[in-house]
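Subject: Structure handover, pockets and cavities

Hi,

Here is the structure we discussed. Please have it open while you read; my notes follow.

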Amino acid sequence: MAIATTSPVTGEVVESFDELTPEQLEDKLARAAAAAATYRLTSVEDRAGWLAQAADLLEKDADAVSRMITTEMGKTLRAAHEEVAKCVHGLRFYAVEGPKFLRDAPGDAGRVGAKQTFVTYQPIGVVLAVMPWNLPLWQAMRFAAPALMAGNVGVLKHASNVPQCALYLERLFREAGFPEDVFQTLLISARRVEQVLRDDRVRAATLTGSEPAGRSVGTIAGDEIKKVVLELGGSDPFIVMPSADLERATDVAVKARTLNNGQSCINGKRFFVHQDIAEAFLERFTAKMGALVVGDPMDEGTDVGPLATESGRRDVEDYVDDAVGKGATALVGGSRPERPGWFYPPTVLTGVTPEMKMYHEEVFGPVAQVWTVSSLEEALEIANGHPYGLGSNLWSEDGDERELFVRDVQSGMAFINGNTTSYPEIPFGGVKRSGYGRELSDLGMREFMNAKTVWVGQDS
Ligand code: NAP
C-alpha cells in the first residue's frame, strides 16, 4: 500500500510520503540501538517527567491532532477528540504509576538460602511496534507510553494510510524532551517489517492488526526467538439476558457496533439475545441503528463516517452480500449508498448461519449480527465456536448468570453491564486467534522487560 493520506470521504489522495530508502532505514536502526544503550540508564523520574510533558503537549494540540485523525481515517471528529483525551490520560497514567511498576520485587531470601533475593525489572532495548489505523494515536500510545517508561526504545511501523499521525508521534516525544531517537517512526511498507524484525538490534515486537499480519510477524519472531505480543482480530459476543436494562443495553449495543465507524477490534459484533426479550431488543436496536446520521465525519451532527479504505469497504460489502445471498435478512442497511467516499450504512442482520463467511470471521464495519437464543449456555456455545477470543459482553442482573459467563466465555476480557473498552489501568488482550500477551496496566509494561532474578548469598 502506498504511504499516503487519502480522504475516505472523497477517495482523493491528500498527501503522499516517500518510503525510507535502505540507507535511511539503516541509519534509523543504528540510531535506535545507540539510543537504547544510554536511554536505559536514565532515571525513572526523568522518564516520568517527559511522559507528563508529552501529555501536556498533546492536550494543547488536541484540536489539530483530532482533525488529523479524522482526515486520515474517517472517524468522527467527536470520536477523534475522545481518542486524543484517552492518550493524554494514558501518558499521565504511566507517568504516575509507571515508577511503581518498576520497583524491585523482594523474594523470600530465607527459603532460597540467600541473604537477599529480589526481581529487578530492566528494559530489553529496541522494540518494533507494527500498528493499525483504526485508533491511530491510541494504539501506538498504549505501546509507547509503558515502553518508554520502562526504558525501552521504540521504532514504529504504522499503517500506511496514517503517515501524518505516525510522524506526529515521533515529533511529540522529541518535543516532550525524550532523548533523540528514543522513539522513531519508520515510513516503510509491510513487506519490510521482516527485515527490521530479523535485525539483531531489534529485540522484540508488538503487532496490532489482522490475523494474517499477526501470523507473519509471529512466525518471524519465533524463528528469531524474539518476544512478540499480538493483538489481533475480534468478533466479540454481546449477550443480553431478560433481566437486562434494555434501554441501556441497546444504547451501548449501537455504540459498540458503530464506534470508529464499526472498525473496532473489541466491542460487540455478534449479539445474542434471549428469546423472552428478542422482539423488544430488535425493535429498539434496529430503530436506533437506523436513526444514526451517516455523513462527513468533520460535521458535528454525524454519528457514522466512512470506512477508512476502499478495500475495507469492499470486504464489508462482500461479507454482507454473501450472507444475504445465502438467506440472512438485513433489517436495516445492507447496501452502500450512492455517494463518493467509502461509506457503508449501519446494518443489522438476522439469520446468520455457519455457511456464511461472516459466521467464522470478523466484519470490520458497522454490521451487527443478531441471534435469538433460549439460554445463556446456548449463547456461550455459539459465541465460543468462533476462532477469536478478544472481548465479550454480558447484560444481566443475575449473579449466577454473571458467574457462568465469567467462568465459561472464551475471551481475554469479560465486561458486564458496560461497554468493552481499553483503560490504561487494566490489562487488555485476547486468547485463541485474537493473539497473545497483554497490553496496558503493569502487565503490558512488563511484557518487554527482563525480569532479572537477583540472589545474594550469605556473607562469609
Ligand atoms: P493489517 O492489515 O494487519 O495492518 C495492521 C498493521 O500491520 C499495518 O501497519 C500494516 O501495514 C501491517 N501489516 C500488514 N500486513 C503485514 C505483514 N504481513 N507483516 C507485517 N506487517 C503487516 O490490519 P488492518 O486490516 O489494517 O486492521 C484491522 C485489523 O486489526 C482487524 O482485524 C482488527 O480487529 C485488528 N485490530 C486489533 C486490535 C487489538 O487490540 N486486538 C486493535 C485494533 C485493530 P500496512 O498498512 O503498510 O499494510
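The second largest pocket is lined by 22 residues, and nearest its centre are Glu-82, Lys-86, Leu-135, Leu-259 and Thr-421. (A pocket is an open set of points on a 1 Å grid over the protein atoms alone, with protein on both sides within 12 Å along at least five of seven lines; a cavity is a set where a 1.4 Å probe fits but cannot get out; lining residues have an atom within 4 Å of a point.) Its volume is about 410 Å³, meaning the space filled by probe spheres set on points joined across faces, edges and corners.

This is a predicted model: local features need pLDDT of at least 70 and side-chain atom pairs pLDDT 80 or more, while totals for chains, interfaces and linings use all residues. Numbering runs from 1 along each chain as its sequence is written, and side-chain values use heavy atoms, without hydrogens and water.

Back to that pocket. α4 (77-101) gives the largest share of the lining, four residues. (Helices are DSSP runs of H or I, at least four residues, and strands are runs of E, at least two, numbered from the N terminus.) The lining divides into eight nonpolar, eight polar and six charged residues. (Ala, Val, Leu, Ile, Met, Phe, Trp, Tyr, Cys and Pro count as nonpolar, Asp, Glu, Lys and Arg as charged, the others, Gly among them, as polar.) Domain 1 (4-232 + 434-456) and domain 2 (236-422) both contribute, so the second largest pocket lies between them. The domain bounds come from an automatic or database assignment.

The largest pocket has a volume of about 1,100 Å³. Of its 44 lining residues, Pro-132, Trp-133, Gly-209, Ser-210 and Ala-213 are closest to the centre. α8 supplies the largest share, six residues. This pocket, too, lies between domain 1 and domain 2, because both give residues to its lining.

Now the cavities. There are three of 30 Å³ or more in the whole structure.

Best wishes
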